[in-house]
Structure formats: C-alpha cells, structure tokens
Amino acid sequence: MLAYLAKRLGGLVLVLVVMSFIVFCLQAIIPADPARALAGPSAPVETIERIRAELGLDQPLLVQYGQFMSRLAQGDLGTSIRTRQPIAADVLKYGPASLELIVFAMLLGTSFAFLLAFAQTTMTRSGGVRLGMLAAGSFPIFLTALLLAYFLWFKLGWFPGSGRLDIRRFTGPTGFFVLDGLLLGRPDIALNAIWHLFLPALALSVPIAISVGRSLNSALVDVMRQPYIRTARGKGLSGGRIFFRHGLRNAASAPLAMLGLQVGLLYGNLLIVERIFSWPGLGLYTVQSFGSSDLPAVLGIAMVFGAFYILVTMLVEVLQSVADPRIAL
Amino acid sequence: MTLPATEPEAPVLSIRGLHVRLSRDGRASTVLDGIDFDLAPGEVVALVGESGSGKSTIGLTLQGLLPAEAQPEISGSIRLAGREIVGARPRELRDLRLSLVRAVPQDPMGALNPTMSIGAQLRESGLSADEVLEWLARTGLPNPRRIAADMPHRLSGGQRQRVLIAMSMAAKPRVLIADEPTTALDVTVQAQILTLLRDLAREHNTATLFITHDLAVAAELADRVMVLYGGRVAEVGHTRALIAAPSHPYSAGLLAARFDLDSDRSRQLGTLASEQLRARPSGAHCNYVTRCPLAEAECSERKPDLVRRQDGRQVACFQSNRVPDLLARVREAPSWPEASASEANALELYRIEKSFGPKRGILRPARQTQVLAGIDLRIQQGECVALVGESGSGKSTLLRIAAGLLAPDEGDVSWFGGIPPQVVFQDAVAALTPWLTVGEQIRDRLRPLGLSRHEQDKKIAEALKLVGVDPALQHALPSELSGGQCQRITVARAVVVPPKLLLCDEPISAMDVSLAAQTLNLLGSLRRSMGMAMLFVTHDLAAARLIADRIAVLEKGHLVEVGEADQVISAPQAPYTKMLVGAVPRLGGSQEKLQTFPPRERDQSDALAS
C-alpha cells in the first residue's frame with residue numbers, strides 16, 4: 001500500500017512537470033500578447049514594455065520556464081494577469097464552488113447510473129431504458145444544459161438558473177456552501193445552495209450516469225451468471241440479498257473505474273456548464289482567463305485539474321481494492 | 001419404479017413422468033423425456049451419462065434453479081419430502097433450497113463469492129460462528145479459524161470443495177445433489193472428497209444424487225446406478241451387478257470405453273458408439289438407435305419402455321439379451337499400427353528452470369515461485385512420453401517451454417532439425433478461430449509450402465480422412481461441429497504437415513469416456529503410423545499408461561520418476577507416484593477399497609497455481 005502511494009505520487013509529480021512544460025510551450029506559440037491585452041489596445045509602447053518587464057515576459061523562454069518551476073515548487077502558481085491575484089489564491093477562492101458542483105454531479109450521476117442498471121437487470125423488457133440512455137447520451141452537454149436552463153428555470157421557474165445562492169456576499173469557513181450552511185446552523189442556506197446546485201449538477205451528471213450505468217449493467221449481467229450466484233441461490237437466499245450482497249460488490253470494479261474516468265475528465269464539461277449557469281467556479285474562471293489571454297492562469301488551472309485527475313484515479317484504485325480483496329495495491 | 005424389498009423406508013424423493021423442455025436461441029427442445037425414479041433416505045444413487053444426457057438438468061430441476069432465460073417447461077411430478085416441486089411458486093422453491101435440497105457444484109473454483117470471507121458465506125447458510133468452525137473442522141480442513149477468516153482465492157480447489165460441502169451439509173438437507181463434484185480436482189484430492197461426501201451422507205442419512213460421467217467413480221460410491229441417455233433412463237440397477245453385466249448397449253459402450261490402470265494397452269481401446277448426430281429424445285423410437293451397434297428395425301419404430309426384470313434391474317432396450325455378445329466383441333479391439341522408432345532425439349530439454357511472480361523491485365522484495373527446477377527430459381523419435389502430475393506441478397509450463405511458447409529462465413530446448421513442434425490443446429473449441437472454416441485453418445499450415453490450391457485441397461482432405469472426419473466438413477465453422485470433431489480438427493491441423501514432435505496438453509480431460517477413448521485411439525495410431533514423437537501432458541495416470549511408452553512424474557517442478565509406463569504404474573518408486581497410483585479409481589473397486597488419505601495441507605503456492 002505504501003509502495004503503491006509512493007509510486008502514484010511520484011507519477012503525479014512527473015505528470016505535472018510534463019504538463020507544465022507543454023502548456024508553457026503553448027504560451028510561446030500562441031500569438032496573443034498578455035502585456036498588450038493587459039495594457040489595452042491604445043496604450044503606448046513604453047507602457048506595454050513596462051508591463052512586459054513587470055511580468056518577466058521579456059526574459060528568454062527557458063529562463064521564464066525555470067522561474068516558473070522554482071516558484072511552483074514553493075506552491076506558487078504565478079500571478080493572474082486578469083485578476084492580478086496569485087493564481088493559488090484564486091484556486092482556493094473558486095475551487096470549492098467547482099468541487100461542490102463536481103461532488104453533487106457525481107452523487108446524482110451515480111444514483112442515476114445505479115437506477116438505470118437496476119432497471120435493466122431486473123426488467124424483462126428493458127428496451128425502453130436502453131433507448132432512453134442512447135438518446136440522452138447523444139445530446140451534447142451544452143444542449144442538455146441549455147434545455148435544462150430554458151425549461152426548468154426560464155419557463156417553469158422551478159430552479160434558479162444562475163449563481164450559488166439567492167443571498168449575495170455570503171462567506172463560510174469552508175467555501176462549500178452546503179457544508180457552511182450546516183456548520184453555521186443555517187439549514188436554510190444549505191437547502192438554498194442545494195437548490196442552486198441542482199440544474200448545473202444535473203447537466204453534468206448525464207454523461208456520468210450513462211457511461212457508469214452501462215458499465216455497471218454489463219458487469220452485473222456477467223456477475224449474475226457466475227457459479228457463485230448459483231451457489232447463493234442454492235442456499236435459498238432471497239433475490240434482493242443475492243443482488244446486493246453477492247452481485248453488486250463483485251460488479252463494482254469496472255463501473256468504479258468508469259466513474260473515476262468521467263469525474264477526472266469533467267473539466268471540459270465544467271467550462272460549459274459553469275459558463276451557462278454563471279457558476280462562480282474554476283470553469284468560469286478559466287473561460288474568463290481565456291478571454292483575456294491570461295495564460296499563467298490557464299496554465300495554473302490546467303495543472304490543478306491534472307493533479308485532480310490523478311488523485312481521483314488513485315482514489316478509484318483504492319476503492320477497487322476495498323471492493324475486491326483479490327486486487328492488492 | 002418401486003424400491004427393492006430390502007429398503008423399508010418411504011422414498012424421500014419420487015419422480016414420476018418428468019418431462020423438461022428448455023429453449024436455446026429461441027428453439028425449444030426436450031431435455032428430459034419421462035423420468036421415473038425413487039430415492040430412499042440415506043441412499044446414494046449415481047446418475048451416469050455423457051454431456052447432453054440430461055443428468056445435470058435433473059439436479060437443477062430438483063432445486064428449482066433451471067435458468068429462466070431457457071424458459072423451462074416442466075411437467076410430471078417431483079415429490080420431495082412430501083412436497084410437490086413441479087408448479088411450486090418461487091417462494092416455496094426457495095424454502096426447499098433453504099432446508100431440504102442442497103447441491104455441491106462441479107467447479108469449486110468459481111462457486112464461492114470471491115469478495116466475501118468463507119465464514120460469512122457459511123453464516124449466510126444459517127450457521128452461528130461456532131458452528132462454522134465446527135463444520136469446517138468436520139470436513140477435514142486444517143485450522144478452521146484461519147480458513148473462516150480467509151477469502152476464497154487463498155484456498156486450493158480441494159479446500160474450496162470442502163467448504164462447499166460444509167455449506168451444503170450443515171443445512172442437514174434430505175437430498176444432496178453432487179454434480180460431478182470431483183472432476184475439477186486432482187486425483188488424490190478426488191478420493192478424499194468422495195470419502196467425505198459418502199461419510200457425511202451416511203451419518204446424516206442424507207439421500208445423495210451423485211451426477212457423474214465416470215462409471216468407476218460411481219462404482220466406488222453408489223448403491224445404485226441410473227444410466228441416462230438423451231433424456232431417457234436407459235438402465236437402472238444395483239451398482240456392482242450393473243457393472244458386472246450391463247443390459248443396455250449404451251451402458252455396455254460406456255463400460256467398454258472406460259479405461260483404467262488394468263486396461264489392455266497392447267491394443268486400441270474398445271469403442272462401441274460412434275459420435276454421430278446428437279440424438280434428440282423425441283419421437284417414437286429408441287433415441288440411442290443412431291449410435292447403437294445392435295439396432296434392429298423395431299428400435300426405430302417404437303420407443304422401448306423401462307421394463308423391470310426378475311433381478312430388479314430395469315432396462316429400456318429391445319435387444320438387451322444380445323448385450324453380452326456385444327461385450328465379447330469389444331474385447332477384440334484392433335491392435336496398434338506398427339511403430340517406427342529411432343535413436344535420434346526429437347526433443348531434448350536440458351536443465352530447464354522457470355520461475356513466476358514479480359521480480360525484485362525498488363520497494364518490493366522478490367516474490368518469485370519456482371515452477372520448474374532443473375528438468376532434464378529426452379524424447380526419441382517415434383516415442384511417446386506422458387508427463388503426469390497434479391495441478392501446480394508445472395507440467396503445462398514445461399509443455400509451453402517445450403513448444404517454444406515460453407522462454408525458460410535457464411536451460412536449453414532443442415528440437416530435431418530445429419523444427420518447432422505442433423501443439424494440441426485441452427480446449428479444442430477455443431483453439432480454433434470461430435469465424436474461419438476449419439478447412440481454411442488447416443490450409444494456414446500449408447501456405448508456406450508453396451503448393452498449388454488444388455494440392456492444398458488434396459492435403460486437407462487427406463488430413464481430415466486421417467483423423468476420421470468427413471472431408472466435406474472442411475467448409476464448416478467450428479461452431480457447427482461437436483467438441484469431439486473440433487478436437488479431431490486440431491489434430492488434423494497439427495499433422496497435415498507431419499511434425500517430428502506433437503505436444504498434447506490435457507487433450508482428453510474435458511471429454512466423456514467414449515470420446516476420450518476415441519481420441520486416445522486416434523493419437524496412439526497416428527503417432528505410430530507417422531513416426532511422430534509425442535509429449536502427452538495429463539493428470540490422468542490411466543490415460544498416460546495407455547498412450548505412452550514412458551511416464552515422467554512431475555511433483556512441484558521436480559521430475560521425481562521417469563520410467564517404462566507399465567513399470568511406473570505397477571511398481572512406482574517415488575512416494576508421490578505411489579500416492580497418485582493409489583488414488584486412481586478402478587472399475588473393479590468396491591466401496592471398501594476407497595481409501596482415506598490423510599488430508600494434505602496444501603501450501604499457498606499450490607492454491608495460487610491452480
């Protein structure tokens with residue numbers, strides 16, 4: 001287990017180094033000039049040069065990369081050109097909103113996946129379920145998100161269409177508003193936060209539900225044919241007990257891996273969904289950084305999500321080994 | 001039927017006119033066609049028949065566990081301890097499984113939930129923690145406390161089967177169904193498991209249905225034998241009487257094909273039945289008629305009833321009085337073709353060593369298990385050497401090294417003329433590509449020779465004729481052929497370009513007796529007529545003795561004995577060989593002969609290897 005963790009953390013560092021290098025190179029190729037973007041289109045050349053020197057952009061690329069890496073080692077992701085804040089501080093500020101959204105999307109997605117798989121395994125005619133999954137899976141995420149926003153917010157008004165809370169200027173100790181509401185003894189705030197979370201989380205959960213549901217279903221079909229299921233039936237156990245105690249756990253490995261993959265790759269969808277629902281998280285932050293050629297910010301956020309992906313994968317592997325004692329880490 | 005007068009008790013199980021139809025790929029077929037049968041408390045009855053005879057279906061029907069996707073249609077009556085099973089609701093069937101009828105499965109490796117501890121799985125059967133330990137100890141498992149806490153994958157096959165027997169017997173069922181409980185186990189473990197089953201069944205007066213394709217196993221265990229063919233009862237009788245004088249040509253065929261350590265190895269095995277079309281048990285005729293050497297006109301016009309004779313034997317055959325002549329005919333089986341041997345070595349293995357497992361890493365010590373420890377073995381041209389040993393002994397690894405499929409860590413492999421050998425694998429169906437016709441797969445070996453298409457076709461037809469397959473079948477896909485035909489095709493593929501050396505990896509272990517006998521005859525004749533050397537890997541000592549000139553015994557990666565086949569069997573030197581020889585079930589054996597072997601504690605590497 002210790003060897004496993006050491007190996008994975010080593011991998012994490014390696015991936016971050018490679019990723020930082022790639023994103024840094026992109027910065028050199030893309031013809032956008034952050035100094036000009038910051039100074040504005042009508043600024044005199046001297047101002048642009050001054051800003052460029054301030055940001056260290058007049059140094060050779062290799063030197064810039066070296067400086068970046070040495071700062072990175074001290075936990076400094078650099079300074080955002082757009083917000084003029086340390087990027088690490090921005091991550092801490094906007095990260096909880098995104099993480100809260102991801103966790104809710106994951107919970108919703110897993111529940112749906114479970115229901116879908118259960119329906120397909122138990123129903124004799126599950127063609128409708130399969131067709132529905134196919135239809136839902138064929139919708140691109142921006143369309144799902146827009147349709148949800150249009151009907152459930154704009155037309156029906158059941159759920160809010162933007163922001164994290166109805167009240168403004170709320171700050172809590174953790175930044176996770178559902179948790180903060182509960183910690184501060186304000187369940188109304190927690191509920192309000194969940195109410196706001198619902199639409200963006202739902203939009204994000206659709207691809208998770210479909211991919212994990214399919215994976216869980218095919219794993220269950222296979223497991224329920226295994227001889228040990230017959231042994232369990234031969235013992236006279238009830239169908240429910242056989243499904244939950246003998247079936248589900250043995251089928252857990254593949255859908256867990258799929259869940260990890262989906263959550264780890266959520267970043268792309270997060271940009272779209274946070275933009276559509278004006279969710280003040282890292283996705284929206286990235287979109288805005290792109291808009292103002294804020295490459296240091298994009299680089300920093302990319303690294304944060306790279307690390308997030310590796311951590312999720314690690315968590316999945318630990319969970320898999322808990323579910324199946326034959327998998328030794 | 002009624003029970004013999006010596007059985008005073010009322011039957012615990014009585015089956016009347018049982019018909020079962022199952023669907024497969026949308027086509028329904030009759031699997032059981034009118035079974036009548038009684039089972040007394042404490043009685044052990046062996047259900048004998050080849051695959052497709054419906055013997056496993058009887059077991060599943062009794063448990064109410066026929067697969068739902070097969071849309072089973074059941075008619076007739078099954079009364080188990082006074083309760084009717086046919087037409088019972090799922091809830092009642094569950095109650096029956098909980099307490100009255102239990103099963104011991106065929107393959108213990110897959111029959112335990114891999115993510116649940118042994119103890120938890122036994123407690124699910126309604127046992128307390130103390131009872132779990134008590135039952136594990138009763139089935140002869142060492143250190144029950146450790147085993148109860150263990151996960152199934154850390155146990156060997158024999159240990160798992162003991163756990164499954166404990167699981168079944170602890171419920172004190174009235175009827176126990178043991179569906180080939182030992183076929184997946186090593187021969188020494190087989191004997192222990194049979195003894196355990198018999199003792200527990202006697203102690204608890206549990207009626208046992210013992211499903212097997214092996215008459216010798218039935219002979220050692222059962223009070224009565226019921227022979228099934230194509231979903232109908234062919235013959236029922238007391239074990240010893242039936243084996244001494246079978247009255248149905250199918251039973252006679254099973255007995256003739258059956259080989260053991262006393263069989264005559266100077267000639268081919270007697271086989272009665274041809275592996276023609278698989279008979280379907282419907283219609284007004286004897287369903288054995290297409291394979292029966294005694295068939296007359298009336299056999300295809302009427303269905304023979306199961307008739308009870310004076311001596312209590314029940315037979316469904318019009319020609320049963322001619323069966324003794326048939327048995328006499330079997331003893332004149334053809335002799336082997338003339339063999340040609342020479343001094344040159346077809347295969348030479350020199351100090352082969354092989355280990356498996358992770359090598360030493362930066363953060364991890366080496367966890368290597370030595371599988372082969374310095375093996376020296378030579379096979380001369382035209383000679384057959386059988387390599388025997390239990391699972392985990394390293395015999396399959398050695399075969400793969402001899403085939404050049406696996407590189408040894410140390411040592412040398414050399415073939416005569418440097419030509420790599422051909423291999424016949426255990427699972428013939430899996431060894432054929434499903435989407436290519438068998439002819440094309442044989443042609444693949446002819447392509448490098450630069451022959452014309454016409455010459456290739458001629459060679460393919462010759463090879464198919466050689467292995468006894470109709471050359472017209474070269475356009476068939478493997479899925480359209482029977483398992484026996486597929487095995488013949490793999491042999492044809494191996495010999496279409498005559499190899500100097502043929503390696504066979506347990507080619508008969510998944511076969512019925514009659515099919516196994518035919519395959520042994522084929523391989524034995526081919527290697528003699530073609531002058532091939534052969535390495536025959538098997539766990540079956542009787543097969544090894546029949547096919548091979550010499551036997552090499554492998555124990556945990558060491559060759560413990562190599563010698564002339566008859567000598568190794570009749571006067572084994574190594575203690576391990578003695579144990580293997582002693583454990584082989586023999587047809588002439590009686591229940592008293594079944595020895596009790598001390599349960600061996602098998603180490604973890606054994607469990608992992610198997």
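This is a predicted model: local features need pLDDT of at least 70, side-chain atom pairs count only at pLDDT 80 or more; totals for chains, interfaces and linings use all residues.

Reader: What is the handedness of the crossing of α7(A) and α9(A)?

Author: The crossing of these two helices is right-handed.

Reader: Which residues make the contact?

Author: From α7(A) come A:Ile141, A:Thr144, A:Ala145, A:Leu148, A:Ala149, A:Leu152 and A:Trp153. From α9(A) come A:Leu199, A:Leu202, A:Ala203, A:Val206 and A:Pro207. By class, this contact has 11 nonpolar residues, 1 polar residue and no charged residue.

Reader: May we turn to strands? How do the strands of a sheet pair?

Author: Strands of a sheet pair through backbone hydrogen bonds, in either the parallel or the antiparallel sense. In chain B, 8 strands form an open sheet with mixed pairing, in the order β6-β7-β8-β3-β9-β10-β12-β11.

Reader: Which strands stand at the edges?

Author: The edge strands are β6 and β11 (307-308) of chain B. Each has a single partner strand, so one side of each lacks a neighbour in the sheet.

Reader: Is strand β3 of chain B enclosed or open, and why?

Author: Strand β3 (residues 44-48) of chain B is largely enclosed by the rest of the structure, because 5 of its 5 residues are buried. On one side of β3(B) the buried residues are B:Val44, B:Ala46 and B:Val48, and on the other they are B:Val45 and B:Leu47.

Reader: How many bridges join β3(B) to strand β8 of chain B?

Author: There are 5 bridges between β3(B) and strand β8 (residues 207-212) of chain B, and the two run parallel. Within this pair, B:Val48 stands opposite B:Thr212. A further 4 bridges link β3(B) to β9(B), again in parallel, and there B:Ala46 has B:Val225 as its bridge partner.

Reader: In which sense do β9 and β10 of chain B pair, parallel or antiparallel?

Author: Strand β9 (residues 224-229) and strand β10 (residues 232-238) of chain B are antiparallel, with 6 bridges. One of the bridge pairs is B:Met226 with B:Val236.

Reader: Lastly, how many residues of chain B are in contact with chain A?

Author: Contact is made by 22 residues of chain B with 20 residues of chain A. On the chain B side, α2 (90-99) and β6 (101-104) are the elements that give two or more residues, and α2(B) gives the most, with 4 residues. This side divides into 9 nonpolar, 6 polar and 7 charged residues.

Technical notes. Residues are numbered from 1 along each chain as its sequence is written. Chains are lettered from A and ligands numbered from 1 in the order in which they are written. Two residues are in contact if their C-beta atoms, placed from the backbone, lie within 7 Å. Ala, Val, Leu, Ile, Met, Phe, Trp, Tyr, Cys and Pro count as nonpolar, Asp, Glu, Lys and Arg as charged, and the others, Gly among them, as polar. Two strands pair if DSSP finds at least two bridges between them. A crossing is left-handed if the near helix is turned anticlockwise from the far one by less than a right angle, and right-handed if clockwise. A residue is buried if 20 or more other C-beta atoms lie within 10 Å of its own, exposed if 12 or fewer, and partly exposed in between; C-beta atoms are placed from the backbone.
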